[in-house]
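The following exercises ask the reader to work through a single protein chain, moving from individual side chains to the chain as a whole. Each task is followed by a solution in steps.

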Amino acid sequence: MNKKLTLSCLLLFVLSFTFLLQSKSIKNHVVKTTCLQKSLAERIDSVLTIMTLEEKVGQLNQYSSNWTTGPVSPEANKLQDIKDGKVGSMLNVKGAEKTRAIQKIALQSRMKIPLLFGLDVIHGYKTTFPIPLAEACSWDLAAMELTARIAATEAAAAGVHWTFAPMVDIARDPRWGRVMEGAGEDTYLGCAIAKARVKGFQGGQLGKTDAVMACAKHFAAYGAAIGGRDYNSVDMSERTLFEVYLPPFKAAVDAGAATFMNSFNDVNGVPATGNPHLQRDILKGKWGFNGFVVSDWGSIVEMQTHGFAKSLKESAFIAINAGNDMDMESRAYTKNLATLVTEGKVSITVVDEAVKRILLKKFELGLFDDPYKFCNEKRETQAFQNPQHRIIAKEMAQKSIVLLKNQNSILPLNKQQKVALIGPLAKSKIDMLGFWNVEWDDNSDVVSQYEGLELKIGKNNLLYAKGCEVNDSSEIGFAEAITIAKQADVVLLSMGETRDISGEARSRANIHFPGVQEKLIKAIVATGKPVVMLINAGRPLVFNWAADHVSAILYTWWLGSEAGNAIADVLYGDYNPSAKLTMSFPQSEGQIPVYYNHFNTGRPQLNSHEQYASGYKDASSLPKFPFGFGLSYTSFEYSDLKLSSNTMKADGKIDVSFTLKNSGKIKGEEVVQLYLKDEVASLVRPIKELKGFEKVMLQAGESKEIKFTIDKEKLSFFNNKLEWLAESGKFQLMIGASSDDLKLKSSFELID
Ligand code: NOJ
């Protein structure tokens with residue numbers, strides 16, 4: 001379009017809009033019909049031009065519905081505020097009918113700018129998938145993308161435009177309750193999963209009715225809260241921030257994440273919400289992020305509690321200048337921003353920039369064309385009833401179960417064995433959903449473990465006793481549980497955490513089984529019956545006694561709607577477990593943080609008796625179960641490692657290949673992992689770092705050649721000037737079944 005035409009188009013638009021305003025009959029589609037050819041930027045500007053300052057501030061304000069996922073804020077007259085154009089977005093409104101009703105109110109405002117509806121669709125909407133940490137253990141990127149896709153399809157049909165996911169915080173501390181929401185401890189894997197999830201939620205393109213905006217959170221370093229205490233401070237070097245904690249956020253930007261959420265914590269003394277370095281310099285500057293940043297719940301007002309702002313007004317001033325575009329439930333912007341602008345303390349350009357970022361997303365979603373596009377009762381019902389979604393939920397749950405122990409190949413079971421299912425979680429439905437499930441008021445369609453087993457083997461060979469509660473001191477049920485155990489060939493013990501023990505504000509100093517569960521395990525093991533444990537939890541737990549004394553362990557996390565069916569499939573060999581841990585499991589809380597890619601130190605502990613070594617006098621420094629670990633019902637052999645060369649130039653590459661053989665009797669999948677170590681560098685490097693992986697399915701007896709490529713990118717790190725580069729020298733290359741089970745080793749040199 002030439003300049004003249006654009007200008008006349010704009011003029012025509014403004015005139016027609018003003019006219020319609022005066023006639024009090026603005027139709028929402030006016031923005032659309034006036035000038036379809038206009039570029040998005042022009043369309044946004046044309047809206048901005050006719051907005052009052054108060055209306056602009058309104059776009060930056062987000063309220064929750066009466067369903068709260070944070071501390072209850074003082075009441076506001078929310079519906080009136082929406083009508084008055086003082087609200088740009090609502091969170092926690094669920095369902096096509098409700099979102100439509102509230103959108104209608106927004107369209108009664110002068111500008112008729114549609115609302116954005118946001119919700120924590122963390123691991124499913126109607127269909128609940130395994131918690132994100134469990135899904136991560138599948139190492140199956142396509143599967144994770146697919147579950148995010150389905151969650152988006154269901155959510156978008158129910159009027160939701162925006163999910164507050166994925167959480168891409170690296171987490172090395174299982175005391176932190178929110179480890180359940182992320183991908184675990186590794187940055188390389190975390191980046192790959194962040195990309196898959198963003199792609200899954202956003203689909204091909206924003207604006208399609210099966211896509212929602214993703215939100216990479218919590219920016220930044222929230223997972224490094226000191227002591228694993230939620231909301232706690234973070235103190236770390238800029239280099240660690242760049243190398244370990246920021247890359248998954250960068251990956252989310254590269255994958256097109258539409259929004260970011262900042263975090264509750266301070267980073268080196270500056271609250272993330274009021275941190276211009278993070279939000280302006282890095283995110284919007286260096287990384288060129290064109291979406292918008294929402295605060296976390298009340299994180300603007302909390303800058304006063306941090307001791308970083310004197311008043312709500314100052315909090316608003318700090319946050320907007322630091323690059324926080326939308327205010328979630330602090331009411332800081334709506335109460336102060338217009339005054340700050342009028343007083344000349346905040347520049348109108350800063351406000352305009354934030355408003356433009358939000359309007360851009362509303363345009364991209366197509367809300368100006370049709371504000372009701374996403375609340376569609378018919379589509380909602382169809383999406384909720386789609387049988388395919390449950391099939392995928394079951395498959396994802398199967399892929400997320402980690403086999404940690406299988407003494408004497410007690411698993412898989414056979415249907416002739418009499419089984420005693422014992423434990424407080426055996427019949428629970430709600431706990432299978434885990435924290436952050438959207439179906440908070442209805443869990444009737446969840447398959448419990450008891451139901452899954454009953455479906456698999458019928459009632460005759462299935463006995464049941466609860467034994468105890470999850471978190472209670474009563475042992476009254478022990479006697480019945482022991483009696484039942486004695487009648488069975490095998491005991492299945494379903495233990496762990498209820499859904500509200502891990503999650504936001506659910507940090508624990510003691511991450512053993514709560515209540516008297518461990519006592520019950522001991523009582524059942526004492527019967528002499530073989531015991532298979534099903535451990536349900538939102539985090540790695542410490543369970544040394546059980547790990548050393550039971551016959552088999554399946555770590556079943558919180559697996560979602562199809563939990564019971566997936567567990568039964570694994571127990572009876574209809575699915576061969578293939579998951580591998582993405583967080584190290586500590587042997588004791590005192591070791592935390594325990595993670596695989598640590599530095600060597602000058603005095604590594606090579607054996608537990610060494611006196612002057614970096615270890616503990618009273619405990620091992622090794623994890624109980626290492627990163628990358630997980631068993632299968634079959635076995636795999638690694639052989640024939642070949643490197644195309646033992647030297648590489650910075651612009652070159654090395655092809656690596658080896659043979660993987662399924663040496664067992666049934667088909668199965670192996671997650672092969674490639675680790676590298678930079679032997680000597682200008683900064684100390686980790687003892688190994690994951691730099692490649694592949695999930696490979698092999699029939700019994702089948703072999704396959706697996707290939708990886710080493711390039712400069714895989715050898716690079718941030719030096720102390722924060723330059724991303726690879727230094728010449730020797731690198732060790734390790735390939736194996738876990739970070740602790742490296743089957744093939746070689747080395748090569750990067751040369752100038
Ligand atoms: C606070 C949590 O930290 C954040 O992850 C979530 O999205 C918001 N509450 C909204 O529920």
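**Exercise 1.** Locate His 389 in the secondary structure, decide whether it is buried or exposed, and find its side-chain polar partner.

*Solution.* In this predicted model, His 389 belongs to helix H18, which runs over residues 387–400. Its relative accessible area is 7%, and since the limit for a buried residue is under 20%, His 389 is classed as buried. Leaving aside residues up to four places away in sequence, His 389 touches Thr 127, Phe 129, Ile 150, Glu 154 and Ala 383. One of these, Glu 154, is also joined to His 389 through a side-chain polar contact of 2.7 Å.

**Exercise 2.** Carry out the analysis for Glu 454, and state how far Glu 454 is from Gly 564 in sequence and in space.

*Solution.* Glu 454 lies in helix H20, residues 449–457. With a relative accessible area of 24%, Glu 454 is partly exposed, because the value falls between the limits of 20% and 50%. When residues up to four places away in sequence are not counted, Glu 454 touches Lys 459 and Leu 462, and the side chains of Glu 454 and Lys 459 are joined by a polar contact of 2.6 Å.

**Exercise 3.** What radius of gyration would a compact globule of 752 residues have, and what does the protein chain have?

*Solution.* A compact globule of 752 residues would have a radius of gyration near 27 Å, and the protein chain, at 27 Å, agrees with this. The C-alpha trace spans about 85 × 65 × 50 Å along its principal axes, and the chain contains 25 helices and 26 strands. Buried residues make up 61% of the chain. Finally, among contacts with a separation of 6 or more, 78% are between residues 24 or more positions apart.

Definitions and conventions: Residues numbered from 1 in each chain as written. Predicted model: local features only at pLDDT ≥ 70, side-chain atom pairs only at ≥ 80, totals over all residues. Heavy atoms only, no water. Helix = DSSP H or I, 4+ residues; strand = E, 2+ residues; numbered from the N terminus. Rg over C-alpha atoms; globule rule 2.2 N^0.38 Å. Buried < 20%, exposed > 50% of the residue type's maximum accessible area, 1.4 Å probe, protein only. Contact = heavy atoms within 4.5 Å. Polar contact = N/O pair within 3.5 Å; in protein donor to acceptor, adjacent residues only side chain to side chain.
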